[in-house]
Amino acid sequence: MLDVGTKSVYTTGEVAQICKVSQQTVIRCFDSGRLKGFRVPGSRFRRIPRDSLISFMKANQIPMDQLDSGRKRVLVVDDDEAIVEMFTELLERDGRFEVRTASTGYDAGILTEQFLPDVMLLDFKLPDINGTAVCRTIRANPKHEHIKIIAISGVADPDEVDELHMAGADEFIRKPFDINKVINRVADLVNAA
Amino acid sequence: MTGGVRTVPARLQSSRERVELILSQLDRLPTLPAVAARLLSVTTSNESCARDVVDIVESDPSLTAAVLNMVRRADLGASGQINTVQRAVTALGFRAVRNAVLSVHVYSALPHADASGNERQASARRELWKHSLAVACTADMLAERMNGFEAKDQAFVCGLLHDVGKIALDACLPKSAARVFARVDADRECICDAERELFGLDHTVAGKHLVTRWQLPETITESVWFHHQDPQALPSSVTSPQLVRLIHLADNVVREQRIGFSGYQHVADIKACAEALKIKHTAVDDVVEGLPARMEPLCALVGLDEFISQAIYTESLSKANRELGIVNSELAESQRVLELRARCFEALKQFTECLTVRAGIADVCTAAAGCVQAALDADGAVGFVCDATSRCMYVGRSGPSDTGGPSASIIEVGDKENRDVLGAAVAVVLERKIGEAPQGCELIWRRCMDLPAPGPIWMLSFAKTDAMVGAVLFVVGDDVVARWRGAELECHALSSAFERAVSSAQLRVESERMNEELLDLNRRLSTAQRALVRGRSISMIAEMAAGAAHELNNPMSVISGRAQMAMATSEDAELTQTLKLVKDKAHEASQIVTDLMHFAKPRAARPLTRELGKLLESCCQRWQARFALEQGRLTRTVDDPQATVCADPDQLQEILDAVVTNAVEACDPESLRLQVNSRSRESDETVRIVIEDNGAGMSPEVLEHAFDPFFSSRPAGRGRGLGLSRAYRLAEINGGCLWLESTLNVGTTVIIELPAHAPIS
C-alpha cells in the first residue's frame, strides 16, 4: 500500500483513496473551496496539503485510520545526535510510534507544522533558542493545542522547570533517565489526548 | 656690666649723632692742670721720690697751705713743728701727700659744686665726689693689704678717677645727667642702662674717652672703662687686671657703706671679689673701719669737710635704715609668695610623679585631688571631670587616711538633665581660680567621700569647655583660701597642669579606643574578605557546575539509556548486572554535579515563621526513625516554648538533616549521645539551634575545612562532603549563620542561628 499517511501533499486521487470517496467528489470539494489546496503552477493539477486534508476530514467526520496508519507521531528535538539516535531507536523499536527528529528550535518549528506530531520530546538547551521559547511558540498556535510536550533537561533548575510549565510543557524529565519511564510517559500522554 | 662693649639697641640708632656730640664736648673739657699732670707722671714712676713731690707742691702756694693744713688736721703731734712741705711729707708719708695733691687738682679741674647748678644738682655732685674719694681711699688701703701687688701706687688715682665719666657727662649735659640721677634714684635702675638710654653711651665709655684724651696711663683708662665689668670676665687685653678688680672691689665696698652716691648700681658679692684678689675679709672690714679717718683730711682739702665724720654715718645709716625697712617688707612679701610657690611646685612635682603613662582620667582626678590637698594643706579633696560625650563622671579623691585614702572611680551621672545642671553650676566658677563650689558639688563630694563635707567646699576649676568640665573640690581653712585667692599664677599653674594631664589621658583613652576599633575593623575586614573570596569561588562553582551539569548529563543519559536498552535485550545475567552498574554510576555521577550546582546556587529561600519547639519535635521523631536510634540517644531541650524561627521550611529541614546525619555518622552508634537545644537570643531577634554530639570531634585542621565543598574526613568515596557546606549555604540564604565548635575525641557542637521573626519590611 502506498504510504499515504506520511505524505505532506496529496493528489485528488490519493485524497479520494484516503477518504474513501470518488475522485470527482474530491475535485468538487476542492473547486468549491471546502477542501483547501493549490494548483501546480503552469498546469491544472490540484494538490492538497496534509493539514488542510486533516482539517477537511475532521470537519466532515471522515475516519482518519487511512491517514495516520495507527501509529502516534513523536518529534524528538535535541542537538545531541547520540540522544536523538537513542530515542529514535527506542521509540521505533517499540512499534507504536512514528518518529521524526530535529536538532534546532527552528527545525522543530518547521517539523511541527509539517509533521503535526502528537508528542514532542524537547531538550531544554538547544543551540539557537531554549526549550521554553519553543514551547511558547507552539502553544501560540491553537492548531497545535493537542501536541503533548515533554521537556527534557540535564539541569533541573526549579525556576527553569516552573518556567517550562508556564510556557506550556506537559512534563519534565531530567537527564539521565529511566528509558521505560520515558516510554510509558509518552504512551500515557498520547492515550490521554 | 659695662656699656663699652655693648652695641646700641636699634631704637637708639638715631642717637649715634648724640654720642658724637657728647664726645666732641668732652674734648672741650679743661685738661688737668699742669701740676696735676706732672704729679701723675711722678707718682706712676717708681723712681719718684719725695723731693719731686715736694718741689711740685712748693711750686703752688695754695697747695702748700692745703698740705700743711692737712697735716694739722691729721693731728700728728706737734703740728706747729711741721711747717714745711718737706716735713709734712716726712710726717704724713709720701703717698698721703701725693694723694692729697691729686685730689685737689682733679677736683678743681673738673666741675664740682659751684653756683651754676641748683641745690639738688650740687648735692648730687658732692655725693659723687665723696664716692670717688672714698673709692680712692678704699682702693689705696686695700692695695696696702695685698701681698706682692705691684701697682699699689696707682690704686688711689684709679679709684679717684674711676667715675670720671659721670662727672664728664654731668659737665657736658648737666640737665640730662640730673635726669639720669633722678631716674636711677627713683626706679632703682642701673645707672649704666639709664645713661645708655638717655645719652647713647654710659659713663665708663665717656670716662675712657676723657682719660685717653688727658693722656693718662693705660692702667687708669682700664679702671675707668672696666670697673663695672664682672671681675671674672675681663677682656684678655687688659694689662693690669688686678688693678681693675681692685677698683671694682673698692667701688662695691663704698657702695655697700653708702658713702656718697654715684647712682644706683647693683652691689656685687664683696666677699667673692675680695677672695679673688686674695684679700681677707677681715682686711676689708679693717679698711672700712679706717676709711672715715683716711677720708676726712681729703674731704677737708676739697671742701667737702662738712659731711665728714659722724654726720656722714648718721645720714647714711638713717637712709640705709629706711631702705632696709622697704626691702624687709618687700622680702616678707616675696617670701610669702615664694613659700606658696614652693608648695605649689612641690605639689605639682608629686602630681607629675604619681601620673603614669597609663593613667586614666579618673587617675588624673585622684592625682589632682592629691596635688591640691598637698598644696593647700586641705582636709580632703575630690577631683572630677564631667565629659559631655560620655554619660559618666570621672572622680578621684584624696582624703585623710581614715576615709580610705586616695581612690579613683567612675560614677554614672544618669540622665542628661543632671549633667546639664552640674555643668552649668561648674561653669559659674571663674576659670582657673579658687572660688566657692556651686551647690551641685556637695553631691559629688558626698558620693566620693561617703561623708558630708566637714566645712564649706571650695573649688579650683581646671577645665571649662563645651566638651568637658573639670574641677577639684576641697575643704580648707579660710586663711588658706584668702592667701591662695591672690595667687593667680599658682592657681593657673595647678589648673593648667591638671587640664593638660586630663587631655592627655583623654587622648590616650581615645587613641586606645580607636586602636581597638581599628583592630575590630581589621578583624571584620579579614572576615569579609574571606567571605568575599568564598562567595566568589562559590559563584564560580555555581556557574561551572551548571555548565557541567548540562554538558555531562547528555553523555550520561546516553550511557544510562544505552545500558538500559542493552539490559532489556540481554539474556546474560552477569551482563545485565554490569549494565545496571553502568546505569547506576551514570546516575550517581550526574547527581554529584547536580548537588554541586544546588550547593552553589540554591533556590531562593521562601521563609515562613514556625514554632521552633514543634518543628524540632517532629524532626527528632523523624531522625529517631531514620537512624534507628535507641531511646535516650537523642535528647531535646527547648528553653522557650514560645520561640519561633523564620526560615524556608524545606531548607531548614535540609540544614538540620545534614547536620544530624553528619553527627550520627561521626559517632560510634554504641555510645552516641545527641543533644538538640533551642535557645532564644538576646533581644529575641534570633534563635539558636544547637546540635551537640559526642563523636570523634575534629582537629583544628579539619575544622578549618569543614565547610569546604567535597571536603570529607571520611575515607574517600564515602559521602560526598557536601552536607555541611550546603547547610552552611542554606543557613546563609535564610539570613542566619552556622558554625562549629569541636574538640578532637570529645565531640562537635553545631550552632545554627536563624532569625526568629520575619523581617519587618
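Two strands count as paired here if DSSP finds at least two bridges between them. I start my notes with that because E11(B), residues 686-693, and E13(B), residues 747-755, run antiparallel and are joined by seven bridges. I also remind myself that this is a predicted model.

**Entry 1: the sheet in chain B**

I looked up what stands across from what. Ile689(B) faces Ile752(B) of E13(B), and Arg688(B) has Glu753(B) of E13(B) opposite.

Stepping back, I traced an open sheet of five strands in chain B, in the order E8-E10-E11-E13-E12, with mixed pairing. Which strands are at its edges? I wrote down E8 (634-638) and E12 of chain B, each of which pairs on one side only. From one strand to the next the twist averages 15°.

Next I checked which helices touch this sheet. H27(B), residues 723-733, packs on the sheet against E12 and E13 of chain B, and its direction makes about 140° with that of E12(B). H24(B), residues 612-626, lies across E8, E10 (674-680) and E11 of chain B. I put its angle to E8(B) at about 180°.

**Entry 2: the sheet in chain A**

I moved to chain A and found an open sheet of three strands, ordered E1-E3-E2, with antiparallel pairing. Strands E1 (9-11) and E2 (38-39) of chain A are at the edges with a single partner strand each, so one side of each has no neighbour in the sheet. I followed E1(A) to its partner E3(A), residues 46-49: they pair in the antiparallel sense over three bridges. Thr11(A) is opposite Arg47(A) of E3(A).

Helix H1(A), residues 12-19, packs on this sheet and touches E1 and E3 of chain A. I noted about 90° between the direction of H1(A) and that of E1(A). Helix H3(A), residues 50-59, also lies across E1 and E3 of chain A, at about 80° to E3(A).

**Entry 3: two helices inside chain B**

I picked H18(B), residues 361-376, and H22(B). They pack at an angle of about 165°, with their axes 9 Å apart. That angle is over 145 degrees, so I call H18(B) and H22(B) roughly antiparallel. Their crossing is right-handed.

Which residues meet? On the H18(B) side I listed Ile361(B), Val364(B), Ala368(B), Cys371(B), Val372(B) and Ala375(B). On the H22(B) side, those I jotted down include Leu494(B), Phe498(B), Val502(B) and Val509(B). By class, this contact has 12 nonpolar, one polar and no charged residues.

**Entry 4: where chain A meets chain B**

How many residues does each chain give to the contact? I have 15 from chain A and 18 from chain B. On the chain A side, H5 and H8 (158-167) each supply at least two residues. H5(A) gives the largest share, four residues. By class, the chain A side has nine nonpolar, one polar and five charged residues.

So I zoomed in on H5(A), residues 81-94, and H22(B), residues 488-569: their axes come within 9 Å and cross at roughly 25°. That makes H5(A) roughly parallel to H22(B), and the crossing is left-handed. From H5(A) the contact uses Ala82(A), Ile83(A), Met86(A) and Leu90(A). Among its H22(B) residues I noted Asn554(B), Val558(B), Gly561(B) and Met565(B). By class, I get six nonpolar, three polar and one charged residues for this contact.

I finished with the scores. The model has ipTM 0.71 and pTM 0.40. Chain B averages a pLDDT of 77, and 80% of its residues score at least 70. Among the elements of chain B, helix H19(B), residues 416-428, has the lowest mean pLDDT at 58, while strand E9(B), residues 644-647, has the highest at 89.

Residues 1-13 of chain B stay under 50 in pLDDT, and the model has 20 contacts for them beyond four places in sequence. Where pLDDT is low, the predicted coordinates should not be read in detail.

Key:
Residues numbered from 1 in each chain as written. Chains lettered and ligands numbered in written order. Predicted model: local features only at pLDDT ≥ 70, side-chain atom pairs only at ≥ 80, totals over all residues. Contact = placed C-beta atoms within 7 Å. Axes fitted to C-alpha atoms, helices over the stretch in contact; angles between N-to-C directions. Parallel < 35°, antiparallel > 145°, perpendicular 65-115°, else oblique. Left-handed = near helix turned anticlockwise from the far one by under 90°. Nonpolar A, V, L, I, M, F, W, Y, C, P; charged D, E, K, R; others polar. pLDDT = per-residue confidence, 0-100.
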